[in-house]
Structures are given as structure tokens and as C-alpha cells.
Amino acid sequence: SMTVESGCVLQTLQETAARHDRFFPLSLGAQGSCQIGGNLSTNAGGVQVLRYGNARNLVLGLEVVLPNGDIWNGLRSLKKDNTGYDLKHLFMGAEGTLGIITAAVLRLVPRPKSVETAWAAIPSVQAAVDLLGLATAMTAGGVTSFEIMSREGIEIVVKHSGSRDPLATKSPYSVLIELSSQRTEGLRDSMEQILEAGLEKGLVLDATICESFEQAKAFWRIRELFGEMQGREGGSIKHDVSVPVANIPAFIEEGNAAARKLIPGCRPLPFGHVGDGNIHYNITQPVGADKAEYLKRWDDMNDVIYKIVLKYGGSVSAEHGVGIVKRDYLPKIKDPVAYDLMKTLKRTLDPKGILNPGKVL
């Protein structure tokens with residue numbers, strides 16, 4: 001384990017763990033600037049949730065300053081402790097509304113001895129889900145990341161960032177697959193077998209396996225810039241949603257149709273974490289449209305997309321939290337008992353409403 005203060009930058013923690021031949025799996029695009037206190041307060045996800053879980057799964061203990069000034073010292077590295085309520089989970093994901101996380105004991109894992117990364121062109125979202133199932137079965141849980149990206153979104157990244165398209169094959173979607181293992185040999189064979197099986201089943205149209213760390217970085221750069229580069233095309237209405245993995249294809253198909261019906265010519269550019277059902281469902285404005293006028297339809301688009309998310313048993317906030325933007329949706333979509341419990345907790349711990357006022361509730 002590693003004990004850290006909340007102001008530590010995530011990438012610094014990753015590098016510190018690596019120097020001790022350990023691995024801290026939380027990984028996201030902002031890791032060079034984001035701080036662990038914020039990561040825990042928002043229960044950050046990232047690209048390795050599939051194997052290692054959200055931020056809350058990587059924490060053994062916390063230190064928290066409460067609204068009345070008391071300091072709860074829960075900095076213990078125990079993996080098992082059933083002495084009453086597990087209080088740390090109250091504060092992770094609470095967005096600073098119940099207490100201020102000032103330090104944490106983080107769980108480290110052995111550093112992977114080998115990593116293989118591949119880019120595969122696929123014919124459909126359903127193929128991505130099926131290929132994930134195939135990869136999971138063939139590696140007995142060795143899939144670290146499994147990211148989907150739409151073709152039009154990839155072309156936007158290539159156009160505006162100078163990145164190179166990994167494949168000549170232009171498929172409707174592509175997936176970025178990463179495997180990791182404690183074994184030093186055999187992982188590349190596993191990746192080849194997954195892709196070969198995918199080709200035989202029609203789940204993969206074309207694929208390439210990285211030959212170097214630099215090539216893998218180039219592939220990941222496309223994924224990391226996927227959301228940012230959409231802004232170069234004008235207004236982008238963004239959604240951070242999740243549905244059960246099996247429902248991803250139906251959600252995206254229905255969402256695309258509904259978005260285009262609401263705003264003809266708009267460009268749905270879904271991408272994200274197939275392995276945990278978390279899709280960043282972004283919709284870029286029609287070509288040549290007025291950006292300000294398009295963004296005025298943000299709430300209208302939310303109403304349409306969130307209705308479909310809920311239809312498929314999903315959540316309107318998968319890893320980015322509630323904040324202000326989604327605050328007013330909670331009473332509409334949250335189980336009434338759960339919502340009342342949240343308000344009760346807030347009143348009990350922060351009766352004066354001084355912590356992050358106006359957020360979440």
C-alpha cells in the first residue's frame with residue numbers, strides 16, 4: 001500500500017509505485033494534472049476499470065475533515081475490517097459534500113511484467129461486446145482495457161491532431177484492446193489468438209498489434225484525444241452514461257436515431273469503456289451549424305438520451321459525477337428512498353450546508 005496526501009498528482013503516484021516495482025492502476029487522460037483527492041471524491045473511473053475497478057476499489061483507508069472541524073483518522077491498510085459501517089465509502093464519490101478527503105491509503109498491485117496492445121476494426125457495436133466476451137474467456141480475466149471508438153470520431157482526431165489512423169480499413173467502429181500479465185511470455189500469443197478467433201467469427205475486419213511502446217502510445221493518444229478534438233468541429237453535447245454491457249449496442253443504436261431525429265445532421269460520436277458499460281455519448285453539431293444555437297438544445301438532447309439510458313437500466317453519471325449540471329435530474333431518476341437517504345446524510349453530517357454548496361443535492 002501507499003499513503004498519500006490528497007494534493008498528490010495522480011501521475012506522480014503511478015511513477016512512485018513503479019519505482020518500487022508496484023502498480024497503481026487508476027489511469028485517465030488528466031493524470032498529469034489531476035489530484036488523488038479529487039479522484040477519490042468523484043470516484044474516478046478511467047481506462048482500467050474493467051480489471052481493477054473504480055477509484056473506491058483502490059482505497060484501503062482515508063483521512064477526512066468533517067464539516068464541524070473533526071478529523072476522522074481512518075488511515076489503515078487493512079483489507080478486512082468489519083467493525084461497523086465502512087465509512088470511507090461515504091466520502092468517495094460524494095464530491096466533497098460530506099467531508100474533505102485529506103489523505104488516503106491506496107492499494108497497490110504487482111507491476112505487470114508484460115503488456116500487449118492491439119487496434120481492431122470491427123463491423124458493429126455488437127461485435128465489440130462479443131469480442132470482449134471472447135477476449136475475457138480466452139485470457140481468464142487478463143483484459144486490462146477495452147475501448148470503443150466510432151469511425152467519424154477517429155477521423156476527427158486524425159484531422160485535427162496529426163495522429164495517424166492505425167489501419168487502412170475504414171470500419172464503422174474500432175476497439176483498442178490491452179492485455180497485461182505477470183508472465184513474461186505468452187501474452188502476444190494470447191492477443192493473436194483473440195484476434196484470429198474474432199476474424200473467424202466475423203467480429204474483426206482487420207487488426208494490428210503494437211510492435212513498440214511508442215506505437216502503443218500513439219494508439220492511446222487517439223483514444224485520449226477523442227473527446228477533446230470534437231470541440232474543433234464546433235459544439236459538442238456530452239454525456240457520461242452507463243448501461244449494462246449487454247445493452248450497449250441497443251442503447252447506441254437507439255440513441256443515434258433519437259439524436260438525429262431531434263437535430264437532423266448532428267453527429268453522434270460514442271466512445272469509451274465497453275468493459276464496464278460506460279459510454280461517453282457525445283453528439284457534435286451538424287456541419288456548418290451555429291455553435292451557440294446548437295448548444296441551446298443541450299437540455300432537450302439530455303432529456304432524449306437520458307430517457308433511453310434509463311430504459312436500458314443505466315445511469316446518467318457513470319464516472320464524472322453529478323455536480324451542478326446533473327443535480328436537477330437526480331430527483332427525477334433516483335429511487336425516492338435512496339434520494340431521501342442522501343439528503344438525510346447531507347443534513348446529518350453537514351447541517352449548515354457549508355461543504356461544496358449547491359452540488360449533487
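**Briefing: salt bridges, nonpolar cores and a pocket**

E155 has a relative accessibility of 41% and therefore counts as partly exposed. This value, like the others in this briefing, comes from a predicted model. The structure contains 17 salt bridges, and its largest nonpolar core comprises 48 residues. The second largest pocket has a volume of about 830 Å³.

- E155 forms a salt bridge with R151 through their side chains, with an N to O distance of 3.9 Å.
- Because R151 and E155 are four residues apart in helix α6 (residues 151–161), about one helical turn separates them.
- R151 counts as buried, since its relative accessibility is 10% and the limit for burial is under 20%.
- A further salt bridge joins the side chains of K159 and E233 (3.1 Å, N to O).
- K159 belongs to helix α6 and E233 to the loop between α9 (226–230) and β11 (236–237), so this pair ties together parts that are 74 residues apart in sequence.
- K159 is exposed at 59% relative accessible area, whereas E233 is buried at 16%.

**Salt bridge network**

- R188 and E211 form a salt bridge in which the closest N and O atoms are 2.8 Å apart.
- R188 is located in helix α7 and E211 in the loop between β10 (206–209) and α8 (213–224), so the pair ties together parts that are 23 residues apart in sequence.
- R188 is partly exposed at 26% relative accessibility, and E211 is exposed with a relative accessible area of 62%.
- Through shared partners, salt bridges join E116, R188, E192 and E211 into one network.

**Nonpolar cores**

- Within the largest nonpolar core, the residues with the most contacts are L131, F146, I148, V175 and F251.
- Elements that each supply at least two residues of this core include β7 (114–122), β8 (143–150), β9 (173–181) and α10 (248–262).
- Helix α5 contributes the largest share of this core, eight residues.
- Leaving aside residues up to four places away in sequence, L131 touches I122, F146, V175, I177, I194, G198, L203 and V204.
- A second, separate core has 27 residues, among them A17, F91, L106 and V109.

**Second largest pocket**

- The second largest pocket, of about 830 Å³, is lined by 36 residues, of which G93, S317, V322, K334 and M342 are the closest to its centre.
- Two or more lining residues come from each of α4 (88–91), α13 (330–333) and α14 (336–349).
- The element giving the most to this lining is α14, with four residues.
- By class, the lining consists of 16 nonpolar, 14 polar and six charged residues.

Notes. Residues are numbered from 1 along each chain as its sequence is written. This is a predicted model: local features need pLDDT of at least 70, side-chain atom pairs count only at pLDDT 80 or more; totals for chains, interfaces and linings use all residues. Side-chain values use heavy atoms; hydrogens and water are left out. On a 1 Å grid over the protein atoms alone, a cavity is a set of points where a 1.4 Å probe fits but cannot get out, and a pocket is an open set with protein on both sides within 12 Å along at least five of seven lines; lining residues have an atom within 4 Å of a point. Grid points are joined across faces, edges and corners, and a volume is the space filled by probe spheres set on the points. Ala, Val, Leu, Ile, Met, Phe, Trp, Tyr, Cys and Pro count as nonpolar, Asp, Glu, Lys and Arg as charged, and the others, Gly among them, as polar. A nonpolar core is a set of buried Ala, Val, Leu, Ile, Met, Phe, Trp, Tyr and Cys residues joined through side-chain atoms within 4.5 Å. Buried means under 20% relative accessible area, exposed over 50%, partly exposed in between (1.4 Å probe, protein chains only). Contact means heavy atoms within 4.5 Å. A salt bridge is a side-chain nitrogen of Lys or Arg within 4 Å of a carboxyl oxygen of Asp or Glu.
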